[in-house]
Every structure is written in C-alpha cells, then in structure tokens.
Amino acid sequence: MAGLTGPDRPLPESLSSTAAVDRYHDFRDKLAQEGMRPVVLDYVAWRRRVRAAHAAGLPAPPPPERGPLSINLDLTTACNYACPHCIDWDSLNSPVRHDLDRLRGSLRELARRGLRSVILIGGGEPTLHPAFADTVLFLKDLGLQVAVVTNGSRNEVIAAVADRLTAGDWVRLSLDAGSDATFQALHRPRRPLRFEAILASATAVKRRNPAVTLGFSFVITWRGAVGPGAPLVENIGEMATAAAAARAHGFDYISFKPFLERAGDGAEVLDGGAGGRAAARIRAGLAAARRHEGGGFRVIASTNLRVLLDGSWRDYTRQPRECHMQFLRQVLSPLGVFNCPAHRGVTKARIGGPESWADGAAAAGTAALLDRFDASHECREVTCLYHPVNHFLEELVAGRADPEEALAARPDRADSFL
Ligand code: SF4
C-alpha cells in the first residue's frame with residue numbers, strides 16, 4: 001500500500017530472525033483471521049458512515065455493538081519492585097482498586113462484543129492481586145486467549161493455573177539482565193529475591209504446561225539513560241549471557257527491546273538519539289545472543305529495536321489523524337479505560353471509568369475519543385508498533401481500498417493478541 005514505510009524495508013543481516021517478531025506484530029494479518037475480521041469490517045463500515053454523516057452535516061450514527069478485540073488488563077497498580085526504568089512509575093501503588101464484580105461484568109460485556117484476548121500486564125505486578133488466579137480461570141471460561149507479563153517474583157501463582165492455559169497463551173518475564181547484580185540494580189525487589197531463583201521458578205511453569213509459550217523480556221539500557229526512578233545501569237554487555245540463561249531454563253525465546261521513556265505529555269517514547277549512539281554495541285550484543293539460538297529457542301529483536309537499529313524509527317512516529325487501533329485494542333485499568341498502552345493513565349487518552357464497559361458508557365466514550373484524539377499530534381513522538389496497520393485501516397475507512405478484499409479471510413492461528 002502506498003505510504004507505508006518500515007516493514008517493507010530490507011532488514012539488516014544481523015536481524016535475520018525477525019520473521020518471528022514480524023509475524024507477532026503483523027497486525028494486518030491478525031485482523032484478517034476469521035474470528036476477528038467481522039469486528040474489523042463492522043468498525044470500518046461504521047467509520048465510513050460517520051465520515052459521510054460529518055460531511056453532510058448530519059449526526060453521526062451510533063457505534064456497532066462491538067468492542068476491542070484485545071485488551072491489556074491491569075489488575076492492580078501495586079508492585080513489589082521499584083525498577084528505576086518503570087514506565088508506570090507515576091501511577092504505581094495508587095490506592096485505586098477494581099470492583100471485582102464490575103470487572104467481571106466488563107469482561108463479560110467485552111466478550112459479548114467480540115473480545116478475543118487479554119494480556120494481564122502493567123500498571124503494577126498482576127500476580128500480586130489476590131484474584132489473579134480466579135481472573136485467569138474466569139477469562140478461560142469465557143473462551144479467551146490469556147497472556148501474562150510478570151516480574152517473575154510469584155511464578156508459583158502462575159504455575160498453579162498453568163494447566164488451564166492453552167496453545168497460543170503465553171507468559172513473559174521482564175528480567176532485563178544476565179546476572180544477579182544487574183537484575184538487582186534494574187529491579188530493586190522489595191524483598192530478597194535472586195535472579196537464579198526466578199529463572200528456576202519460571203521453568204516450573206513451562207514444566208507444568210509445555211503448551212504455554214515462555215518468554216524472557218530484556219529491555220536494553222545504555223549509559224546515560226535515566227529512568228523516572230534513577231539513572232540506569234547499562235545492560236548491553238549481558239545480552240548474550242541472558243540469552244544463554246533463558247535457553248538453559250527452558251524459555252522459548254528472549255525478546256530484546258529498547259528502553260522507552262515518558263515524554264512530557266505522558267506518552268511512551270523512544271530516545272532514538274541516545275539509543276542510536278549505542279546501536280553498534282547493541283548490534284554486537286544481539287549477534288552474540290543469537291549464537292544461543294537453536295533447539296526451538298529463538299532470539300527476537302522487537303519492532304522498536306529493529307527500527308531503532310535500521311534508522312527507520314522516525315517513520316513510525318507519523319500516525320494518521322484517527323488512530324483506528326484505539327477501537328480494536330484498549331487498556332482496562334483500575335484508573336479507567338484508556339485508548340492505548342502508550343498512553344496508559346493519561347487523562348486525554350481516557351475513554352471512561354474502570355467500569356465503563358460494564359455500565360455501557362465505554363462505547364460512546366470510544367466514539368468520542370476517535371473524533372477528539374488527534375494521533376498525528378498526540379503520538380508524534382511515539383514509535384508506534386501499530387503504525388502500519390493504522391495506515392492500512394485508514395485506507396479502508398477513507399474508501400481507497402475494498403475492506404472485504406483487503407481483509408480476505410485467513411484461518412485463525414491461535415494468536416489474537418494486539
Ligand atoms: S497511534 Fe499508536 S501510539 Fe497513538 S494511540 Fe494509536 S496505537 Fe497508540
């Protein structure tokens with residue numbers, strides 16, 4: 001499609017195994033899956049009608065009885081670490097809580113509207129919530145795919161429900177180190193907890209249910225990077241040792257991504273200048289890590305890292321005015337419903353209260369935000385993973401491509417995470 005940049009560029013030789021991450025982040029392909037495309041087609045048809053109504057000076061038609069296909073569910077803002085690079089530093093350990101009955105009401109309503117997957121993730125550490133296990137079971141009873149992003153401190157809680165997870169579900173540990181010293185410096189657990197013990201307990205999750213994909217997440221930090229909590233230690237030199245440790249402990253992959261910071265307006269942004277200056281060392285670290293690939297174990301460079309290293313990251317900051325992904329993927333947190341993980345907790349990105357899917361207000365809130373939130377401005381500093389699919393959807397909504405044809409049905413591939 002004209003105007004798209006980034007994914008079609010030839011990739012550097014050093015990043016030759018980006019096929020896996022490209023597939024994970026090939027959102028256009030995901031949206032065409034049989035179980036997802038009806039929601040997308042209804043959305044596109046509705047936005048076309050909205051634009052026609054605006055052009056004719058008529059009231060906009062109501063949104064379809066649809067909702068996001070995938071959500072980030074923040075169960076809690078509580079955390080037992082004090083990571084100085086934490087992107088959610090300002091909202092951590094806030095006193096707000098979900099009302100669990102209302103949360104279940106929201107999840108039921110979202111499932112009725114077409115929700116396919118839930119990532120239990122940030123704002124805090126999901127496994128600390130007393131209803132973590134019950135929530136996983138509830139989501140599985142609704143027939144949803146489930147993923148967990150965790151700091152690894154309570155892997156036994158995940159292992160206890162691992163047998164309810166199914167193929168395509170995943171658990172990813174945010175570890176960012178290849179040694180205990182660097183792990184302690186970057187995570188500052190509030191009670192004694194050693195890197196090796198976390199790796200060993202993660203192995204138990206995989207042993208309990210080999211169908212679960214187990215991932216090791218490594219946010220790359222460099223000299224001079226400063227998190228909201230403190231200056232960061234550099235971990236580039238540990239990329240290879242982390243990969244070796246991940247493979248030895250039965251992880252399916254290690255994923256490298258660059259450190260992100262909060263801009264003045266709250267958006268998560270990549271410091272392409274400082275990251276770019278560290279690029280040669282990061283490339284060397286990646287090549288060294290890649291030597292541990294094999295036997296089913298993969299080394300993945302995230303899209304953010306790939307575009308940082310190939311210099312195309314600025315392309316990913318050019319969004320269409322209307323972000324279509326805010327209809328298809330949202331964040332449900334105790335602080336409210338937000339349009340995007342990159343704007344989690346930010347007032348101007350708030351769709352409604354935490355119960356707004358249960359009480360019916362979120363559909364109208366989403367419609368209002370679609371009109372109000374100018375992504376070409378609000379996300380101008382965000383290296384957005386959804387940049388290509390947003391431009392693709394804009395082509396469909398603008399009537400420059402046939403949605404049925406552009407989203408020709410593909411078989412479901414047990415990956416509905418957005
Ligand atoms: S354009 Fe990207 S960063 Fe901005 S709200 Fe949409 S998905 Fe999020």
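**Exercise 1. State how many bridges join strand E1 to strand E10, and in which direction the two run.**

Solution. Strand E1 (residues 70-73) and strand E10 (residues 329-333) run parallel and are joined by four bridges. Two strands pair if DSSP finds at least two bridges between them. Strands (E, at least two residues) and helices (H or I, at least four) are DSSP runs, numbered from the N terminus. Within this pair, Ile 71 stands opposite Gln 330 in E10.

The model is predicted: local features need pLDDT of at least 70, side-chain atom pairs count only at pLDDT 80 or more, and totals for chains, interfaces and linings use all residues. Residues are numbered from 1 along each chain as its sequence is written.

**Exercise 2. Give the strand order of the open sheet and name its edge strands.**

Solution. Step one is the order: ten strands run E9-E6-E5-E4-E3-E2-E1-E10-E11-E12, with mixed pairing. Step two is the edges: E9 (298-301) and E12 (350-352) each pair on one side only. From one strand to the next, the twist averages 25 degrees. Helix H11 packs on this sheet, where H11 touches E5 (213-220), E6 (253-258) and E9. The direction of H11 makes about 160 degrees with that of E9; angles run from 0 to 180 degrees between N-to-C directions, and axes are lines fitted to C-alpha atoms, for helices over the stretch in contact.

**Exercise 3. Classify the packing of H9 with H11.**

Solution. Two packed helices are described by the angle between their axes and the distance between the axes. For H9 (residues 239-248) and H11 (residues 279-290), the angle is about 25 degrees and the axes lie 7 Å apart. The two helices are therefore roughly parallel, a class for angles under 35 degrees, with over 145 roughly antiparallel, 65 to 115 roughly perpendicular and the rest oblique. Met 239, Ala 240 and Ala 243 in H9 meet Gly 285, Leu 286, Ala 288 and Ala 289 in H11 (contact: C-beta atoms, placed from the backbone, within 7 Å). These contact residues divide into six nonpolar, one polar and no charged. Ala, Val, Leu, Ile, Met, Phe, Trp, Tyr, Cys and Pro count as nonpolar, Asp, Glu, Lys and Arg as charged, and the others, Gly among them, as polar.

**Exercise 4. Classify the packing of H3 with H16.**

Solution. H3 (residues 37-56) and H16 (residues 387-397) pack at about 55 degrees, with axes 9 Å apart. H3 and H16 are therefore oblique to each other. Val 44, Arg 47 and Arg 48 of H3 make the contact with Leu 393, Leu 396 and Val 397 of H16. By class, the contact holds four nonpolar, no polar and two charged residues.

Conventions: Contact = placed C-beta atoms within 7 Å.
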